Amino acid sequence: MASPNTFTLITFTITTIILSLTSTSCSQPSFYQCINQNSDFPVAPSNFYAPNVNKTSFTSLLNSTAQNLRCLVPSIPKPQLIFTPLTESHVQAAVICAKQQKIHIRIRSGGHDYEGLSYISVSDEPFIIVDLSRLRSITVDIQDNSAWVQAGATIGELYYRIWQKSKTHGFPAGLCTSLGIGGHITGGGYGPMMRKYGLAADCRIYRCRNNEKYSRN
Ligand SMILES: Cc1cc2nc3c(=O)[nH]c(=O)nc-3n(C[C@H](O)[C@H](O)[C@H](O)COP(=O)(O)OP(=O)(O)OC[C@H]3O[C@@H](n4cnc5c(N)ncnc54)[C@H](O)[C@@H]3O)c2cc1C
């Protein structure tokens, strides 16, 4: 059987964003307004979840990917808002607006962080979650041995899209198919092909900015 070719990857629609800012509070209407003022594409109110606006959906989304239930107990500080961007422009706007409104951000891709770093805070400082779960497009180019993957896609989705295009290609990453690309690759990403092909993060990673490609290694 032919050895799987490793894929060069990947586009991250966002990189690390944990801002150290003076704390304040963030209301759903003001954040919504700010996002629409600062992004190229309009976003609907339904992309914002807040405990005082749509509590059931907020709680359901907040808890949806948690792997460590200790992070969900009532005493753990909860975000003031969850925003689910639909485009990279929304993500950029979220950073601008969080900075303007002086509130911390947590970035969540697959939400599989056992420490809860993507959805809880260890301090009482108010924070919001930018949840990338709706940014999950995957484009596989077999000729080029490459794939463009948005950070909210899971590694299972990536494996599946590669398998659809080729039975002899693969990408060396983790075992659990619901891991998010964003948190998994930034954390290294080891799996069954590690000995031969290394970590997911060892593969060439591109990020996309202003329609240009930047190679990181
Ligand atoms: C059931 C299970 C099985 C696992 N199996 C494996 C395995 O086989 N191999 C392996 O290597 N690891 C494994 N892990 C560990 C997993 O890879 C890490 O927890 C990883 O960080 C999860 O990524 P995520 O996007 O799902 O998590 P998230 O909770 O969304 O993110 C994790 C961290 O990365 C940050 N982050 C998320 N998205 C971005 C982004 N786009 N840009 C910058 N930072 C970002 C978050 O803020 C957070 O700090 C496993 C974990 C679980 C729970």
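The model is predicted: local features need pLDDT of at least 70, side-chain atom pairs count only at pLDDT 80 or more, and totals for chains, interfaces and linings use all residues. Residues are numbered from 1 along each chain as its sequence is written.

Select residues 138-141, strand 5, and then strand 6. Strands here are DSSP runs of E with at least two residues, and helices are runs of H or I with at least four residues, both numbered from the N terminus. Strand 5 and strand 6 run antiparallel and are joined by 4 bridges; two strands pair if DSSP finds at least two bridges between them. Pick V140 and look across to A147, its bridge partner in strand 6.

Now show the side chains of residues 146-149, which make up strand 6. In a regular strand the side chains alternate between the two faces of the sheet.

Next, select N145, in the loop between strand 5 and strand 6. The hairpin has 4 residues between the strands. N145 is not a glycine, yet its phi is positive, near 55 degrees. N145 is partly exposed, with 14 other C-beta atoms within 10 Å.

Last, go to K102, in the loop between helix 3 (88-100) and strand 3 (104-108). K102 also is not a glycine and has a positive phi of about 55 degrees. K102 is partly exposed, with 14 other C-beta atoms within 10 Å.

Note on methods:
A residue is buried if 20 or more other C-beta atoms lie within 10 Å of its own, exposed if 12 or fewer, and partly exposed in between; C-beta atoms are placed from the backbone.
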